[in-house]
Amino acid sequence: MLVNQFLILGALLFCMGVYGVLTRKNAVMVLLSIELILNSVNINLLAFDRLNGNAEGNVFALFIIAIAAAEVGVGLAMVMLIYRNKKSISLDDLSEMKG
Amino acid sequence: MVLASDIQVAQNVGFAIIAVAMIIAGVGVIASRNVVHAALSLVIVMAGAAAQYVLLAAEFVAVTQVLVYIGAVMVLFLFGVMLTRAKLGKDVDLNNKNAAIAAPVALLLFGVLAFVLLKGFSDDKIAATTGNGARPIDTATLSDLIFKPYLLPFWALSFVLLAAVIGAIVLARKD
């Protein structure tokens with residue numbers, strides 16, 4: 001197997017995630033797209049790990065999975081807080097920081 | 001010289017099928033007009049990623065992916081969808097007006113990434129996962145790595161998780 005087939009799959013998923021983050025209005029959908037990005041990074045890490053024949057990439061992949069779980073927990077808590085205060089999770093409604 | 005054992009037909013066919021399923025489901029995640037359908041498409045992407053990890057001889061990460069992502073994170077997401085009372089049916093108001101900018105950005109990014117990858121790793125092969133000289137990464141090697149050289153990052157990670165748990169409770173509770 002070529003290492004490139006995994007890397008290109010990762011790149012494709014990453015770009016899909018970027019498109020999702022940029023176009024989605026619903027905050028939960030943005031978090032879903034971020035998960036897509038994190039998964040593509042994991043595929044890349046494990047492919048490079050296999051290419052170089054060491055095991056460090058697996059450790060980093062596990063760390064990324066743990067960080068992603070923490071990120072989803074805090075992210076969804078924030079989304080719920082926003083929903084409670086504004087009765088909407090549309091990111092276009094959150095414009096308080098606009099100068 | 002290309003040996004017959006280097007081609008790995010079965011692995012390549014498996015890779016292709018899983019990759020196509022992942023890409024179709026990924027398009028579902030970013031294009032679906034229904035929040036729950038998008039979340040369920042993400043399950044397919046994550047299961048496909050776990051299968052790719054098995055192809056890359058990372059069984060422990062694959063099992064962790066299934067347990068943590070498909071088991072825990074997706075349940076969190078479905079709870080998030082439920083508690084924010086997202087419309088369960090078709091929702092026309094799910095995208096903002098950035099698609100005209102986002103599509104070129106994503107396509108350009110993919111073009112640059114694909115160019116660099118094809119140029120840099122043109123025909124590098126990954127080590128065989130079976131047969132002579134194969135060195136599958138077993139859980140013992142992995143735990144030796146985590147609990148010896150990466151012990152400090154592992155501690156830091158546990159504190160991050162603890163902080164995230166406390167932070168999520170503090171943020172989400174009603175006063």
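Which residues in α1(A) meet which residues in α2(B)? The close-up views below take up this contact and its surroundings. The model is predicted.

**View 1. Helix α1(A) meets helix α2(B).** From α1(A) come Gln5(A), Leu9(A), Leu12(A), Leu13(A), Met16(A), Tyr19(A) and Gly20(A). Their partners in α2(B) are Phe15(B), Ala19(B), Met22(B), Ile23(B), Gly26(B), Val29(B) and Ile30(B). By class, this contact has eleven nonpolar and three polar residues, and no charged ones.

**View 2. The axes of α1(A) and α2(B).** Helix α2 of chain B covers residues 9–31. It packs with α1(A) at an angle of about 5°. The two axes are 9 Å apart. Angles under 35 degrees count as roughly parallel, so α1(A) and α2(B) are roughly parallel to each other.

**View 3. The side of chain A that touches chain B.** Here 61 residues of chain A are in contact with 76 residues of chain B. Three elements of chain A each give two or more residues to this side: α1 (3–23), α2 (27–52) and α3 (56–86). The most come from α3(A), with 22 residues. Sorted by class, this side of chain A has 44 nonpolar, eleven polar and six charged residues.

**View 4. Asn26(A) in its loop.** Asn26(A) sits between α1 and α2 of chain A. Is Asn26(A) buried or exposed? Asn26(A) has 24 C-beta neighbours inside 10 Å. The cut-off for a buried residue is 20 or more, so Asn26(A) counts as buried. Asp92(A) lies 66 residues away from Asn26(A) along the chain. The C-alpha atoms of Asn26(A) and Asp92(A) are separated by 8.8 Å.

Notes: Residues numbered from 1 in each chain as written. Chains lettered and ligands numbered in written order. Predicted model: local features only at pLDDT ≥ 70, side-chain atom pairs only at ≥ 80, totals over all residues. Contact = placed C-beta atoms within 7 Å. Helix = DSSP H or I, 4+ residues; strand = E, 2+ residues; numbered from the N terminus. Nonpolar A, V, L, I, M, F, W, Y, C, P; charged D, E, K, R; others polar. Axes fitted to C-alpha atoms, helices over the stretch in contact; angles between N-to-C directions. Parallel < 35°, antiparallel > 145°, perpendicular 65-115°, else oblique. Buried ≥ 20, exposed ≤ 12 C-beta atoms within 10 Å, placed from the backbone.
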